[in-house]
Amino acid sequence: MGKFVIKETKTGYTFNLKAGNGEVIGVSEVYKAESSAKNGIESVKKNAPIAAVEDQTKEGFEKEKHPKFEIYTDKAGEFRFRLKATNGEIILASEGYKAIASCKNGIESVKKNAPEAEVVKAEK
């Protein structure tokens, strides 16, 4: 079972979505308030299971409606995904993956883990 871990930073609050094995699947932006981070988590829980996948690494890819996962390549040539809510805001982003298949597995892991994931605060 996955879990969302809320962390306090110098500039606000962030959260990670971790898989059952403890691996970080996705990270959030920095929120000014803990309540905003919790709202972000609820948005991930709601949007992840219904989000389409838009593979921007393919030439002439088909644009999907929000909410959606976008697969793209970063400056280092690695594959990443970001989850965008219905309003187009990025609510979760991944690490870099060497293989597109691993990136797609990451998306499936978010879809599977996010809806039922518990929310905990990080230990200081």
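Select Y31 to begin: is Y31 buried or exposed? Y31 is buried, because its relative accessible area is 10% and the cut-off for buried is under 20%. Keep in mind that this is a predicted model.

**Stop one: F4 and F15.** Now colour by secondary structure. F4 sits in strand β1 (residues 3-9) and F15 in strand β2 (residues 12-18), so this pair ties together parts that are 11 residues apart in sequence. Both F4 and F15 are buried. For F15 the relative accessibility is 0%, so F15 counts as buried.

**Stop two: F15 and Y31.** Keep F15 and bring back Y31. This aromatic pair is stacked, with 6.1 Å from centre to centre and 15° between the planes. Under 30 degrees counts as stacked. Y31 belongs to the loop between β3 (24-27) and α1 (34-47), while F15 lies in strand β2, so the pair ties together parts that are 16 residues apart in sequence.

**Stop three: the cluster.** Select F4, F15 and Y31 together. They form one aromatic cluster.

**Last stop: a charge over a ring.** Which residue lies over the face of Y72? Select R82, which lies over that face at 3.9 Å from the ring centre of Y72.

Conventions
Residues are numbered from 1 along each chain as its sequence is written. This is a predicted model: local features need pLDDT of at least 70, side-chain atom pairs count only at pLDDT 80 or more; totals for chains, interfaces and linings use all residues. Side-chain values use heavy atoms; hydrogens and water are left out. Helices (H or I, at least four residues) and strands (E, at least two) are DSSP runs, numbered from the N terminus. Buried means under 20% relative accessible area, exposed over 50%, partly exposed in between (1.4 Å probe, protein chains only). Rings of Phe, Tyr and Trp (its six-membered ring) pair if their centres lie within 6.5 Å; planes under 30 degrees apart count as stacked, over 60 as edge-to-face and the rest as tilted. A charge sits over a ring if NZ of Lys or CZ of Arg is within 6 Å of the ring centre and within 35 degrees of the ring normal.
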